[in-house]
Amino acid sequence: MQEDVRPLITDRALEVQRAYMRSVRKANYRPQSYYIVTLGCQMNVRDSETLAGMLEEMGYQRAASREQADLILYNTCCVRENAENRALGNVIWLKELKKLKPRLLICVGGCMMQEKGMAETLKRQYPFIDLIFGTHNLHRFPELLFRVIHEEKQVCEVLDSEGGVAEGLPVRRTSPHMAFINIMYGCNNFCSYCIVPYVRGRERSREPQRILEEARQLRDAGVQEIMLLGQNVNSYGGGGDAFARLLTELDKVGIPRIRFMTSHPKDLSDQLIDCFGRLEHLTGQLHLPVQSGSNRILELMNRHYTREKYLGLVEKLRQVRPDVGLTSDIIVGFPGETQADFQDTLSLVEQARFDAAFTFIFSPRAGTKAASMADDTPMEEKTRRIQRLIDLQQSLTQQALESQVGSRQQVLVEAVSTRDEGCVCGKTQRGHMVNFPGNTSLIGSFAEVDILCAGRNTLRGQLCQN
């Protein structure tokens, strides 16, 4: 089905890690409980599920809180500076906790550790951290933890090369009815503001049969929705129509809902757009980051498309599926952005009419091209611009939600509502969250819900009576 598939981590190498899992499980002293703090994107959440699976294979049980755990693991993010600062702040807090619990094990992994020099900085400045590892050697976590326990000294291992793809590692899913499936790792795009290619490595895709087998196992376990993950899922298998073919095969598996993220507009093929009109289980939701509405800024960002190209894709999608719900990412205050550039972004948002958008003020990341670009726009002006964008998007979000009032929607019930214990909540196929009266027996099942009214970011409804 595809050509660009990286070699697997060998069975022999993975068996070595399974042997370490068994050894840790039998150790005279090892921590009994763990707690994982995950920062960042869904890819990190999925990595944390694998780490949790390996820990439980080693005999650990999940603690109810960090304070109660014998081992605390931070899975970090470095896409934006505030995520990095948050991770460092939390790690420093653990120093005080370790004074109260001297045998507490502290592990730090994830994207932030792959930044140049970051692991060595943590090793030097935070000697109370027991284990430091990166994204490329996550599959070696059992061996590294074994060394920490038996050598009783700090272990730091971060690999520069991304290597292959590890299959068959244990997983502890966070939900019994919704599941993430990684279909590829890394990114080849090198957008000028983005550090992901440097910390996640180049693109490498999983074999389609491995993905399909995982989906069948999830279906048989009762999973109702899968989310396919990749830094750029559209370029799965080297691009072209490989992802559309994979979706077609996954649709045949029979899981009721299929979603995916994140997509790059330059790789949104006509074959993929066609999937939204013909595949039974592919939901009508697409996250399609635009980042800017200015052609000049898009070129500086190295995005490889124009605003006209992007809006053309939106038009094609809505021709195939008129009710498709689009969401996006938008950066305000990119170096050199003028008022005219920002107006172009506002006008694109008005034309695209996103259901929602994640908006950010530009955050320079060391090692990226944009970090060295001249930036003479005052922060006060950037703040004013992003507030205008937020206000516009909030108005569009409200209109999208109000358009659903009076309709009947199929909702996959996820949990008890955080706002009302007498209600449950879940998403429509378009991705809108709905709260409605119900009990826990509905969780994990589909419910037909009549939409009564729209709130600021969610819908409210009632169970269909006929």
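I started with strand E1 (residues 33-38), which pairs with E2 in the parallel sense over 2 bridges. Pairing here requires at least two bridges found by DSSP between two strands. Strands (E, at least two residues) and helices (H or I, at least four) are DSSP runs, numbered from the N terminus. I found serine 33 opposite glutamine 61 in E2.

This is a predicted model, where local features need pLDDT of at least 70 and side-chain atom pairs pLDDT 80 or more, while totals for chains, interfaces and linings use all residues. Residues are numbered from 1 along each chain as its sequence is written, and side-chain values use heavy atoms, without hydrogens and water.

Next I traced the sheet. It is open, with 6 strands in the order E2-E1-E3-E4-E5-E6 and parallel pairing. Its edge strands, E2 (61-62) and E6 (155-157), each pair on one side only.

Then I checked helices. Helix H2 (residues 42-57) packs on the sheet and touches E1, E2, E3 (71-76) and E5 (131-133); contact means heavy atoms within 4.5 Å. The direction of H2 makes about 170 degrees with that of E1. Axes are lines fitted to C-alpha atoms, for helices over the stretch in contact, with angles from 0 to 180 degrees between N-to-C directions. Helix H5 (residues 141-151) lies across E3, E4 (105-110), E5 and E6, at about 155 degrees to E5.
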